[in-house]
Amino acid sequence: MTALQLDDLQQYSDQLRTRGGKPVTVRFVEPRDREELQNYIRSLSSRSRYNRFLGAISELPKSELERFIHIGEADRFTVVATMLVDGFETIVGEARYAFHGDTNAIEFGLSIDDRWQGHGIGRALLGNLECRAASFGASRIFGDTLRSNESMLGLACKAEYVFTHSPGDWKLVRFEKEIHVEPQDIPCASWRLAALRSAAMSSLAI
Ligand SMILES: CC(C)(COP(=O)(O)OP(=O)(O)OC[C@H]1O[C@@H](n2cnc3c(N)ncnc32)[C@H](O)[C@@H]1OP(=O)(O)O)[C@@H](O)C(=O)NCCC(=O)NCCS
């Protein structure tokens, strides 16, 4: 697994685009985002929140919000997708992922602001997560979603994930994909930095 430089999180930011070409930044969440992230979760429709968190919650419990904000703890990370709305950087999506070293896999969940769903942000964010997974050296990425969650199932299908049973809960379906590290296909800052570090390590070893 690659070590993150937590004192300079900005270097892991990426620029994506909506289907219509609007810029979207994906970056690690920071403590300054605490309140806005909570407001973002509150502003999701109850259906989106239910689909994202697999239960009826109106906001993130305080302890969970703290876990979201403190990235890297227990190999869990949160990124936010932001756009400039009326001149202000605004959270329009989030994703949380965990690296499971025992299976060399990344597990994730994500959401997009209801007002921005259907604009290609989920697809772009998913591609970015795959790149971030590659930067860990993960060989597989997966998530679990409700069988009734047509948008997530549609997105996973579009992104060529395969579907399997989710262990332990018949209401869930698992979607997963093997990760192949092709720098020209999945560029992201995390991967580039991991590649640079590993090149530096091998030159030191000579
Ligand atoms: C699932 C979710 C992340 C998709 O994000 P999005 O930005 O709306 O998706 P995109 O616009 O990038 O769509 C990409 C593809 O997903 C599929 N898709 C998206 N919405 C869909 C829907 N309502 N029904 C069926 N397929 C859908 C389509 O194949 C689409 O490609 P197309 O528009 O070219 O046909 C978003 O709907 C969401 O946040 N839902 C609530 C939270 C959630 O369910 N999270 C998943 C928990 S793991």
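Four bridges tie β1 to strand β2 (residues 23–28), and the two run antiparallel; strands here are DSSP runs of E with at least two residues, helices are runs of H or I with at least four, and both are numbered from the N terminus. Within this pair, Q15 sits opposite T25 in β2. The model is a predicted one: local features need pLDDT of at least 70, side-chain atom pairs count only at pLDDT 80 or more, and totals for chains, interfaces and linings use all residues. Residue numbers start from 1 along each chain as its sequence is written.

Zooming out, β1 and β2 belong to an open sheet of eight strands with mixed pairing, in the order β1-β2-β3-β4-β5-β6-β8-β7; pairing takes at least two DSSP bridges between two strands. The edges are β1 (14–17) and β7 (162–165), each pairing on one side only. Neighbouring strands are turned by 30° against each other on average, direction ignored, with axes fitted to C-alpha atoms (for helices, over the stretch in contact) and angles running from 0 to 180 degrees between N-to-C directions. Helix α4 lies across β1, β2, β3 (76–85), β4 (88–100), β5 and β6, at about 40° to β4; contact means C-beta atoms, placed from the backbone, within 7 Å.

Then there is the ligand. Its shell holds 23 residues, of which N51, Q117, G122, R123 and G154 come nearest; a residue is near if its C-beta atom, placed from the backbone, lies within 6 Å. Two or more residues each come from α2 (46–53), β5 (105–112), α4 (121–135), β6 (140–146) and α5 (150–158), and α5 gives the largest share, six residues.

Definitions and conventions: Two residues are in contact if their C-beta atoms, placed from the backbone, lie within 7 Å.
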